[in-house]
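Please consult it alongside the sequence and the model.

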Amino acid sequence: MNSEKQTIQQILTFCQWVIASLWIYQGLIPKLIFQVPDEQYLWQQLNIAPSYMAWVISLSGLAEIIFGSLFFWIQHKDLHWLNIISLIGLLILVLLIYPDKIYQAFNPVVMNIALASLSVISLHCIQALQHAKPE
């Protein structure tokens, strides 16, 4: 593999590992391990019955862990587009339910834009690798 292609592959791999780690963290820490009040409030706003709350939060955490794990093994543009679309949808949902979150520290606007930006960089890397000259 030539030097330029190798550098692009390293950037893509780095982006994918960060995306995977952040999705896994978001599924594991606030949903599976701690089930933080913000997660409970979000599902209450979506009219989930209290008796199902812990189960739904855990299931959403598991889904995030599975989705994040895909980035460890799959380098495909469709996965990154799904990530970008998901992050936009989640951001809109959070802004509808928690409008005051947009001006607080460590807010979802910053996190979602940063995470989506890693997918934009990954999309450029994937395209560059597909159009790279063979060795």
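Axes are lines fitted to C-alpha atoms, for helices over the stretch in contact, and angles run from 0 to 180 degrees between N-to-C directions. The model is predicted: local features need pLDDT of at least 70, side-chain atom pairs count only at pLDDT 80 or more, and totals for chains, interfaces and linings use all residues. Residues are numbered from 1 along each chain as its sequence is written, and side-chain values use heavy atoms, with hydrogens and water left out.

**Overall architecture**

- The protein chain has five helices and zero strands, where helices (H or I, at least four residues) and strands (E, at least two) are DSSP runs numbered from the N terminus.
- Along the sequence, the pattern is α-α-α-α-α.
- Taken along the principal axes, the box filled by the C-alpha atoms is roughly 60 × 30 × 20 Å.
- Of the 135 residues in the protein chain, 36% are buried; buried means under 20% relative accessible area, exposed over 50%, and partly exposed in between, with a 1.4 Å probe and protein chains only.
- Among contacts (heavy atoms within 4.5 Å) with a separation of 6 or more, 74% join residues 24 or more positions apart.

**Helix 2 with helix 3**

- Helix 2 (residues 37–45) packs on helix 3 (residues 53–73) at an angle of about 105°, and their axes are 10 Å apart.
- The two elements, helix 2 and helix 3, are therefore roughly perpendicular; angles under 35 degrees count as roughly parallel, over 145 as roughly antiparallel, 65 to 115 as roughly perpendicular and the rest as oblique.
- Helix 2 contributes Glu39, Gln40, Trp43 and Gln44 to this contact, while helix 3 contributes Met53, Val56, Ile57 and Ser60.
- By class, the residues in the contact of helix 2 with helix 3 are four nonpolar, three polar and one charged; Ala, Val, Leu, Ile, Met, Phe, Trp, Tyr, Cys and Pro count as nonpolar, Asp, Glu, Lys and Arg as charged, and the others, Gly among them, as polar.

**Helix 5 and its partners**

- Helix 5 comprises 24 residues and spans 34 Å from its first C-alpha to its last, close to the 34 Å expected at 1.5 Å a residue; the expected span is 1.5 Å times one less than the number of residues.
- The buried residues of helix 5 include Pro108, Asn112, Leu115, Ala116, Leu118 and Ser119, and the cover over its buried residues includes helix 1 (3–33) and helix 4.
- The axes of helix 4 (residues 77–97) and helix 5 (residues 108–131) come within 9 Å and cross at roughly 165°, which makes helix 4 roughly antiparallel to helix 5.
- The crossing of helix 4 with helix 5 is left-handed; a crossing is left-handed if the near helix is turned anticlockwise from the far one by less than a right angle, and right-handed if clockwise.
- Residues of helix 4 that meet helix 5 include Trp81, Ile84, Leu87 and Leu91, and those on the helix 5 side include Val109, Leu115, Val120 and Ile126.
- The contact of helix 4 with helix 5 has 14 nonpolar, five polar and one charged residues.
- Helix 1 and helix 5 have axes that come within 9 Å and cross at roughly 150°; helix 1 and helix 5 are therefore roughly antiparallel.
- Helix 1 and helix 5 also cross in a left-handed sense.
- In that contact, helix 1 supplies residues including Ile8, Leu12, Cys15 and Trp23, and helix 5 supplies residues including Met111, Leu118, Cys125 and Leu129.
- The class counts for the contact of helix 1 with helix 5 are 16 nonpolar, four polar and one charged.

**Individual residues**

- Leu32 is located in helix 1 and is partly exposed, with a relative accessible area of 33%.
- Not counting residues up to four places away in sequence, Leu32 touches Gly27, Ser58, Gly61, Leu62 and Ile65.
- Leu32 lies 12 residues from Ala20 in sequence and 16 Å from Ala20 in space, C-alpha to C-alpha.
- Most residues other than glycine have a negative phi.
- Gln35, in the loop between helix 1 and helix 2, has a positive phi near 45° and counts as buried at 17% relative accessibility.
- Asn47, in the loop between helix 2 and helix 3, has a positive phi near 60° and counts as exposed at 70% relative accessibility.
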